[in-house]
Amino acid sequence: MQVVREWTTRVLEFVKRRRDPVVDQTLRSAFAATVSYVIALRLSPEAAPLTAPLTALLVVQVTLYATLTTGFRRVNSVVTGVLVAIAFSLLVGLTWWSLGLLIVASLVVGRIVRVDEFVPEVAISAMLVLGVTAHGDTAWARVVETLIGAFVGLACNLLLAPPVWVEEAGASIEGLARRLRQLMLRMGEEAAGRTPVDRAAARLHEARRLDHDIVEVDAALRQAEDSLRLNPRVREGLLHRVVLRTGLDTLEICTVVLRVLARTLTDLAKEREPDPLFPPETGAAVEQLLSEVADAVVSFAVLVTTSASSNAESAEERLATELRQAAATRDRLARLLLEEVRRDARHWQLHGAVLTEVNRILDEMDTEHRSQRLLEELDRNAREQREKLPRLTALRERLGRNRAGTAARLR
């Protein structure tokens, strides 16, 4: 029984790691390379047709969209390089000056055929083919192996469909929101008491470091967006992409505003040292306000990453409640700060800046503002699609009208 439990635990851990993009791509790449080598052994005249598994490794990507777009460009680059090498092998062979001409010609032709980031691979393929002895046979064998590897790589991603990385992107967005929350809570606790300048500056540096977290979340979101494109298992992929992207944009704006707020509190600490940043009652209001805003940030992240409609409705209600509470606390803080300014107007700019920055965060997470933003992004994506693919768009609209007419007749 102990052995069974150990093996069960290992299998569960492996399945959990399978959701990691690196593990997923490793398994599919190894499988595609092995299958392409077996097929190339039967179809290629070479004894060790390694170009086929090499191409399969290069073609297989994490997402189906990346495989299709990258695979075609990569095959184009390799085949173009082989054809250039065939021409050189028939005319001049391999010399030091022909090698230089070959590299120049390959790079120029790669730009012409628009293989984008795979232009160097045109020259690499051409040099590999030109350096062998039996130029013609090896060149055409390389073309065959390249096509085999590309076909197997594309087939593996079609048959072994890569996972949709929406959950991972959602977890990254929620993680960013929780880090924002922790920073806001610390800033609120310190604003309620005496805050040394060095401690306020440390919070400012911490807010600046959040930019690196945004870059990582953006990379995870781009991967999720690619996994939704051309994926037959996903419905309403555009809506998912727009919801996640606009959600990350909102959190990025909140991060920038929070950094400005940290700078404001740092400047206030310099001006009021060694006194507290605010009087006790005002400091307590600042702490409560930042705590409520921090909770709203997490609720906003949960809302944009929730797929089920029932969960989304409850998340939206919770966010709206928290925003109303934060707005009420903000109004109370505004009255307290106004009284403070009437007693001592030396720091009224910094007090006003605190309210302005909190207002900006609350406005960015407002449900009406978010809905308007979603509609604008959906309209923009639809407009871009109509401009890029007018015939396909017209066909979809015609099919939609026919479907609606059929449903009306059936009713």
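Predicted model: local features only at pLDDT ≥ 70, side-chain atom pairs only at ≥ 80, totals over all residues.
Start with the big picture. The chain is built with 15 helices and zero strands. Of its 411 residues, 43% are buried. If you look at contacts between residues at least 6 apart in sequence, 78% of them join residues at least 24 apart.

Now head inside. The largest nonpolar core holds 60 residues, and those with the most contacts inside it are M187, L251, L261, F278, V293, V297 and M365. Two or more residues each come from helix 8 (166–191), helix 9 (197–228), helix 10 (237–272), helix 11 (280–304), helix 12 (309–343) and helix 13 (348–364). Helix 11 gives the largest share, 14 residues. For a close-up, pick V293: setting aside neighbours within four places in sequence, V293 is in contact with M184, A326, V358, I361, L362 and M365. Another core, of eight residues, lies apart from the largest one, and A40, A52, A56 and I148 are among its members.

L90, L91, V92, W96, W97 and L101 make a nonpolar patch of about 760 Å². Helix 4 (64–91) and helix 5 (96–112) each give two or more residues to this patch, with helix 5 giving the most, at three. V92 sits in the loop between helix 4 and helix 5. Is V92 buried, partly exposed or exposed? V92 counts as partly exposed because its relative accessible area is 35%, which falls between the 20% and 50% cut-offs.

Conventions
Residues numbered from 1 in each chain as written. Heavy atoms only, no water. Helix = DSSP H or I, 4+ residues; strand = E, 2+ residues; numbered from the N terminus. Buried < 20%, exposed > 50% of the residue type's maximum accessible area, 1.4 Å probe, protein only. Contact = heavy atoms within 4.5 Å. Core = buried A, V, L, I, M, F, W, Y, C linked by side-chain atoms within 4.5 Å. Patch = residues over 30% accessible without salt bridge, like charges linked within 9 Å, V, L, I, M, F, W, Y side chains within 5 Å. Areas by Shrake-Rupley, 256 points an atom, 1.4 Å probe, with all protein chains shown as cover. Salt bridge = Lys/Arg side-chain N within 4 Å of Asp/Glu carboxyl O.
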